[in-house]
Amino acid sequence: MVEPVFGVLGAVAVAYAQPALPYALAFAAGAMIYVVADDIIPEANASGNGKLATWGCIIGFLVMMCLDVGLG
């Protein structure tokens, strides 16, 4: 009996949260990029490849943004 009630409440919550969804997804994507860069760059510095890892993250981010804008 609880499932249909909360199913409807969840559908209503999604309907109200839909305008904020792109911003929430953008925040989540930025957090994931930060976590990956925060993990890769210090580990690469420990093995002497810090500059390469930093430039790799920057170029990878730029490629992703260009593809996002270009392919829309």
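Student: What describes the packing of helix α2 and helix α3?
Tutor: In this predicted model, helix α2 (residues 21-46) and helix α3 (residues 50-71) pack at an angle of about 155°. Their axes are 7 Å apart.

Student: Why are α2 and α3 called roughly antiparallel?
Tutor: Set the angle against the cut-off. Angles over 145 degrees count as roughly antiparallel. The angle here is about 155°, so α2 and α3 are roughly antiparallel to each other.

Student: Which residues make the contact?
Tutor: From α2 come Ile33, Ala37, Ile40, Ile41, Ala44 and Asn45. From α3 come Gly50, Ala53, Thr54, Cys57, Phe61 and Met64. They divide into 9 nonpolar, 3 polar and no charged.

Student: What is the handedness of the crossing of α2 and α3?
Tutor: The crossing is right-handed.

Student: Which residues does the annotation "transmembrane region" cover?
Tutor: The unreviewed UniProt entry gives residues 20-40 and 52-71.

Student: How much helix does the chain have over residues 20-40, and how much over residues 52-71?
Tutor: Residues 20-40 are 95% helix and 0% strand, with the end C-alpha atoms 31 Å apart. Residues 52-71 are 100% helix and 0% strand. Their end C-alpha atoms are 28 Å apart.

Student: Where is leucine 62, and why does leucine 62 count as partly exposed?
Tutor: Leucine 62 lies in helix α3. Buried means under 20% relative accessible area, and exposed means over 50%. Leucine 62 has 47% relative accessibility, so it counts as partly exposed.

Student: What separates the C-alpha atoms of leucine 62 and leucine 52?
Tutor: A distance of 15 Å, for residues 10 apart along the chain.

Key. Residues numbered from 1 in each chain as written. Predicted model: local features only at pLDDT ≥ 70, side-chain atom pairs only at ≥ 80, totals over all residues. Heavy atoms only, no water. Axes fitted to C-alpha atoms, helices over the stretch in contact; angles between N-to-C directions. Helix = DSSP H or I, 4+ residues; strand = E, 2+ residues; numbered from the N terminus. Parallel < 35°, antiparallel > 145°, perpendicular 65-115°, else oblique. Left-handed = near helix turned anticlockwise from the far one by under 90°. Contact = heavy atoms within 4.5 Å. Nonpolar A, V, L, I, M, F, W, Y, C, P; charged D, E, K, R; others polar. UniProt positions renumbered as here; feature names shortened; annotations may be inferred. Buried < 20%, exposed > 50% of the residue type's maximum accessible area, 1.4 Å probe, protein only.
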